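I opened the model to look up two things.

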Amino acid sequence: MLPSFTERHGPWTVDELHRLPDDELNRYEIDDGVLIVSPRPSSPHQAALLELAVLLRGPARAAGLEVLPEVEVVTDRRDDWLKVPDIAVVAWDAFDSEPQEYQAADVALVAEISGSRQSRNRDFGEKLDAYAEAGIEHYWVLELVPVPKLTVFELVDGTYKQIAASGELIKLGRPFPVEIDPGRLTRPRRD
């Protein structure tokens with residue numbers, strides 16, 4: 001029997017989420033057993049996601065990693081936690097096994113695209129804490145508004161430490177060498 005939103009009581013699990021019917025209009029995540037439903041991102045968000053994924057693909061592959069948009073990330077330690085980052089960079093061995101979802105231990109980097117105040121609050125709050133708790137070494141947030149800006153975090157002793165934040169060119173060495181200019185990841189609006 002499929003879980004029902006209206007008749008559902010108590011914390012959600014990953015297994016219950018997977019039994020829901022497919023829904024192309026929304027994105028589903030679980031945090032501490034709470035089901036979070038959000039609409040699919042806007043066009044500027046999707047365009048920035050694509051630009052960032054294309055930029056990362058070559059350097060990631062050279063490091064034995066693969067870049068994937070919007071895949072499910074889970075952790076063996078909890079059945080009440082599932083995230084769908086905008087971009088996940090995963091170990092090639094994990095990618096090659098074609099899983100339905102990726103274990104956090106196989107994820108080298110997650111990136112979130114933040115296009116509103118609400119998404120910014122989640123990306124720099126709940127998601128920052130959740131990805132750190134899951135042990136994902138690198139976390140990036142690309143803000144689209146008011147101007148493009150990339151903030152880069154690295155896991156140090158179980159907590160993220162900000163190592164860069166800029167709207168200008170950023171040169172990074174981990175998890176692989178890459179140069180990113182946040183302003184080039186978004187398309188200027190036509191007046």
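I take two strands as paired if DSSP finds at least two bridges between them. Helices (H or I, at least four residues) and strands (E, at least two) are DSSP runs, numbered from the N terminus. The model is predicted, so I note that local features need pLDDT of at least 70, side-chain atom pairs count only at pLDDT 80 or more, and totals for chains, interfaces and linings use all residues. Residues are numbered from 1 along each chain as its sequence is written, and side-chain values use heavy atoms, without hydrogens and water.

Entry: sheet. I looked up strand 3 and found five bridges to strand 6 (residues 87-91), running antiparallel. L68 stands opposite A88 in strand 6. I then read the order of the open sheet: six strands, 3-6-8-9-10-11, with mixed pairing. Strand 3 (65-69) and strand 11 (159-166) each have a single partner strand, so one side of each lacks a neighbour in the sheet.

Entry: cavity. I searched a 1 Å grid over the protein atoms alone; a cavity is a set of points where a 1.4 Å probe fits but cannot get out, and lining residues have an atom within 4 Å of a point. Grid points join across faces, edges and corners, and volume is the space filled by probe spheres set on the points. I found one cavity of 30 Å³ or more. The largest cavity has a volume of about 30 Å³. T75, R77, R78, W81, A130, E133 and A134 line the largest cavity. Helix 5 gives the most to this lining, with three residues.

Methods: On a 1 Å grid over the protein atoms alone, a cavity is a set of points where a 1.4 Å probe fits but cannot get out, and a pocket is an open set with protein on both sides within 12 Å along at least five of seven lines; lining residues have an atom within 4 Å of a point.
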